[in-house]
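Dear colleague,

Please find below the structure for your review. A summary of the findings follows it.

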Amino acid sequence: MPKKVDHEARRQEISEALWRLASTRGPDATSLRDVAAEAGISLGRLQHYFRSKDEMLLFALRHINRLAAERIRARIEALPEEPTPREVLRACLSGMLPLDEKSRVGVLVGAAYFARAVYDEPLRAEAKNGIPQLRALFADQLRRAAERGELPPERATEDEAMLLISMVDGLSTYVLLDVHGPRTALRLLDLHLAHLFGTDGAADAPVSYGAGAGSGAAAPLTSEERSAPASRPEGGAAKAADRA
């Protein structure tokens, strides 16, 4: 009797082969033939699951995001009580940063996808699809914080939510370029949240590298960061991940 193949599981295995190659050479320098060899299958077999590199790249990006959401959800479910809006925002934003090897690859895959999307209308439409939902989610958390007296009401806007998204995109880009490392990115995130919420930032618990989109070996530290204090993970975005 022929062996039954789990097509979704095989597509995920191929995606993970792409991530491994992308971590050393970048997604754009990785061909379908390269991925097939890394996955231990023939090129023809790979094309049975993915008709094009764009299709494979998009699936890989969605798979990375799905795994990130699952990890964030697990942290939230482990919390003893309902997280505050600030905790939700911080966990979501830190989860979008490339804080370890796997999350770094996820951001690299996303960057390759978005670079293609600039020149391709169907891909651009797909790339833009999640932004309004993410902006609405962050704006909702800001409004909740304002209602609780934790945030100046004039800061609870969709424009402020979009600034949060843009800030994390910028911090992520500079981590990838080694302008700064993960700890500095987290410190700058905390600094911005402290300014946003009108506090000195003492309420922010540190976030470890594992709080990012992946879980794996930490990214190399910059010389500036080697003397910085270690940090630990904070939950707060599982429900947010479901809605984003």
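In what follows, a residue counts as buried under 20% relative accessible area, as exposed over 50%, and as partly exposed in between. The model is predicted.

A second salt bridge joins D190 and R90, whose closest N and O atoms are 2.4 Å apart. D190 lies in helix α10 (residues 182–197) and R90 in helix α5, so the pair ties together parts that are 100 residues apart in sequence. D190 is buried, with a relative accessible area of 17%, and R90 is buried at 2%.

R124 and E121 also meet through their side chains in a salt bridge (2.3 Å, N to O). Both residues lie in helix α7, three residues apart, about one turn of the helix. R124 is partly exposed at 29% relative accessibility, and E121 is partly exposed at 48%. A search of the whole structure finds 13 salt bridges.

Helix α1

Helix α1 (residues 7–25) has 19 residues, which at 1.5 Å a residue should span 27 Å; the end C-alpha atoms are 27 Å apart, in agreement. Among the buried residues of α1 are R11, W19 and L21. Just after the helix, G26 adopts a positive phi of about 90°.

The loop between α5 and α6

D100 is found in the loop between α5 (85–95) and α6 (101–117). D100 is buried, its relative accessible area being 0%. Its side chain makes a polar contact with the side chain of S103 (2.8 Å).

The largest pocket

The largest pocket holds about 1400 Å³ of space. Its lining comprises 43 residues, of which L61, N65, M96, F114 and L134 lie nearest the centre. Elements giving two or more residues to this lining include α4 (53–77), α8 (131–147) and α9 (158–176). The largest share, nine residues, comes from α4. By class, the lining has 26 nonpolar, 11 polar and six charged residues.

With kind regards

How values were computed
Residues are numbered from 1 along each chain as its sequence is written. This is a predicted model: local features need pLDDT of at least 70, side-chain atom pairs count only at pLDDT 80 or more; totals for chains, interfaces and linings use all residues. Side-chain values use heavy atoms; hydrogens and water are left out. Helices (H or I, at least four residues) and strands (E, at least two) are DSSP runs, numbered from the N terminus. The expected span of a helix is 1.5 Å times one less than its number of residues. Buried means under 20% relative accessible area, exposed over 50%, partly exposed in between (1.4 Å probe, protein chains only). A polar contact is a pair of N or O atoms within 3.5 Å; within protein, one must be able to donate a hydrogen and the other to accept it, and residues adjacent in sequence count only if both atoms are side-chain atoms. On a 1 Å grid over the protein atoms alone, a cavity is a set of points where a 1.4 Å probe fits but cannot get out, and a pocket is an open set with protein on both sides within 12 Å along at least five of seven lines; lining residues have an atom within 4 Å of a point. Grid points are joined across faces, edges and corners, and a volume is the space filled by probe spheres set on the points. Ala, Val, Leu, Ile, Met, Phe, Trp, Tyr, Cys and Pro count as nonpolar, Asp, Glu, Lys and Arg as charged, and the others, Gly among them, as polar. A salt bridge is a side-chain nitrogen of Lys or Arg within 4 Å of a carboxyl oxygen of Asp or Glu.
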